[in-house]
Amino acid sequence: MSTSKTITFTLFITITLLASCNASAKAKTQPLFPAILIFGDSTVDTGNNNYPSQTIFRAKHVPYGIDLPNHSPNGRFSNGKIFSDIIATKLNIKQFVPPFLQPNLTDQEIVTGVCFASAGAGYDDSTSLTTQAIRVSEQPNMFKSYIARLKSIVGDKKAMKIINNALVVVSAGPNDFILNYYDVPSWRRVYPSISDYQDFVLNRLNNFVQELYSLGCRKILVGGLPPMGCLPIQMTAQFRNVLRFCLEQENRDSVLYNQKLQKLLYQIEVSLTGSKILYSNVYDPMMEMIQNPSKYGFKETTRGCCGTGFLETSFMCNAYSPMCQNRSEFLFFDSIHPSEATYNYIGNVLDTKIRGWLKA
């Protein structure tokens, strides 16, 4: 082969390899969904509670957000990213999901998705009345305003295509139990057994998912309950629990609820043409970290990093609260909410499950 042909052949191979590498890199960075839309409570609220004047639970003060890039609190109930941001990042959609109520959202932020969640919210409207949160049942009204804005940006047809293909995340439920049923005796007269109240909450969840579907949502991830008996604030509520064991009955309640939820989600998916509904299992990953903490780099699983870690959350976790030194070694940041390290592990587990779900 002549020198000129050799050079030409070498250039051809080089260009082909570079094109292949670029295509591979692009495939890895392409978003798996055109947008992410988030509903629920403080586990996914990225700052909506900063804006309604009546909301009780807020995280727009230090030490919340201490490990974010600008070390500044912005409404996320953790030391850094929460689940909303982590899953959006892993799916190549965006690094941070803005709250819908944030003023001056850009068109690009609208197009790639926002968060409608509110800390303190529950499926049961009475839960949100107690906390003055934006009720889960009200969040679709915010979504309708979002749809109108999206249509004004990209047009009706493209807007509905984005919504049809967006990943919709729903994370709520714990507040209905830890801020309501367990603590409000009057509910025991209406729902004598926890199972009865679970059925009521799940009926509300069913109505909520059905409404999202009617508005165009098709790919919906619905979170179950964590091991509620292992939340530091719940362990503290049992005054004789000096050794801070998990409350087994509350964990059993979570397991029963999650079993019912999985059956319900299957029934909903079968009944709604074109829907894909995935159960988000947060119980098992959290129990795995609680039972095998050193495997995940944790040294403390029974209290939060902020203050004593027994009671502090929201306004009780503040600039005057002492802080743990190694936040990544704490499963919980405050007495209810996980640390960024915990959210990262849960995000890894669900990222794998979502990718498998897409291929199914």
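Leaving aside neighbours within four places in sequence, Ala159 is in contact (heavy atoms within 4.5 Å) with Leu150, Lys151 and Val154. The structure is a predicted model, in which local features need pLDDT of at least 70 and side-chain atom pairs count only at pLDDT 80 or more, whereas totals for chains, interfaces and linings use all residues. Residues are numbered from 1 along each chain as its sequence is written, and side-chain values use heavy atoms, with hydrogens and water left out. Ala159 lies in helix 6, residues 156-165, where helices (H or I, at least four residues) and strands (E, at least two) are DSSP runs numbered from the N terminus. With a relative accessible area of 0%, Ala159 is buried, a term that denotes under 20% relative accessible area, as against over 50% for exposed and in between for partly exposed (1.4 Å probe, protein chains only). The C-alpha atom of Ala159 is separated by 9.9 Å from that of Gly216, a residue 57 places away along the chain.

Helix 7 (residues 174-181) is mostly covered, as 7 of its 8 residues are buried, namely Pro174, Asn175, Asp176, Phe177, Ile178, Asn180 and Tyr181. These buried residues pack against helix 4 (125-131), helix 8 (186-190), helix 9 (194-214), helix 10 (232-237) and helix 11 (248-271).

A search of the whole structure finds 20 aromatic pairs, defined by rings of Phe, Tyr and Trp (its six-membered ring) whose centres lie within 6.5 Å, with planes under 30 degrees apart counted as stacked, over 60 as edge-to-face and the rest as tilted. Among them, Phe177 and Tyr182 form a tilted pair, at 6.2 Å centre to centre and 50 degrees between the planes, while Tyr181 and Tyr182 form an edge-to-face pair, at 6.4 Å and 70 degrees. Both Phe177 and Tyr182 are buried, and Tyr181 is buried as well. Elsewhere, Phe39, Phe100, Phe116, Tyr123, Phe143, Tyr146 and Phe208 form one aromatic cluster.

Charged groups also sit over aromatic rings, the criterion being NZ of Lys or CZ of Arg within 6 Å of the ring centre and within 35 degrees of the ring normal. The charged end of Lys81 sits over the ring of Phe96, 4.9 Å from its centre, and that of Arg218 sits over the ring of Tyr213, 3.8 Å from its centre.
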